[in-house]
Amino acid sequence: QVQLVESGGGLVQTGASLRLSCVDSGRTGESLAMAWFRQAPGKERECVAAISWNGKNTYVAESVKGRFVVSRGNAKNTLYLVMNTLKPEDTAVYSCAARPTMYTLIYYSTLREYTYWGQGTQVTVSS
């Protein structure tokens, strides 16, 4: 059973950086495509970044392109999001998502395509 655990959120000032981490604590060994979603108060959840199971194909939302970088760790099924030059509009709960991919090189950027979700980590950017 995949169990996603996020960490790294917090309260920072505008212009600061944060790195979010997500790990499959279930250690299933499956090939998982993974992604970061965020949801701000009163807004729909949106995909911020997505990555294929081997890290070779990535997607970053236009709203964060050039500031956020998604990557996978050396350990299987770990996921990172480095967020630079943070803005108040980046304030949201950030959640990690994953789905099995049978070793395809596809990333997925919509909610309904994901099977597993982490509990989320709060990121607050003060002005």
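A salt bridge is here a side-chain nitrogen of Lys or Arg lying within 4 Å of a carboxyl oxygen of Asp or Glu. The structure is a predicted model, in which local features require pLDDT of at least 70 and side-chain atom pairs count only at pLDDT 80 or more, while totals for chains, interfaces and linings use all residues. Residues are numbered from 1 along each chain as its sequence is written, and side-chain values rest on heavy atoms, with hydrogens and water left out.

Side chains of opposite charge can pair when their charged atoms come close. Strands (E, at least two residues) and helices (H or I, at least four) are DSSP runs numbered from the N terminus.

A residue is termed buried under 20% relative accessible area, exposed over 50%, and partly exposed in between, using a 1.4 Å probe and protein chains only. Asp-90 is buried, at 1%. Arg-67 is likewise buried, with a relative accessibility of 9%. Salt bridges with shared partners connect Arg-38, Glu-46, Arg-67 and Asp-90 into one network. Within this group, Glu-46 bridges to Arg-38, their closest N and O atoms lying 2.7 Å apart. Arg-38 is buried at 7% relative accessibility, whereas Glu-46, at 31%, is partly exposed.

A further salt bridge is formed by the side chains of Lys-65 and Glu-62, at 3.3 Å from N to O. Glu-62 has a relative accessibility of 63% and therefore counts as exposed.

Two strands are taken to pair if DSSP finds at least two bridges between them. Strand E1 (residues 4–7) runs antiparallel to E3, and 4 bridges join the two. Ser-7 has Ser-21 in E3 as its bridge partner. E3 is also joined to E8 by 6 bridges, again in an antiparallel arrangement. Here Leu-20 stands opposite Leu-81 of E8. In a regular strand, side chains alternate between the two faces of the sheet.
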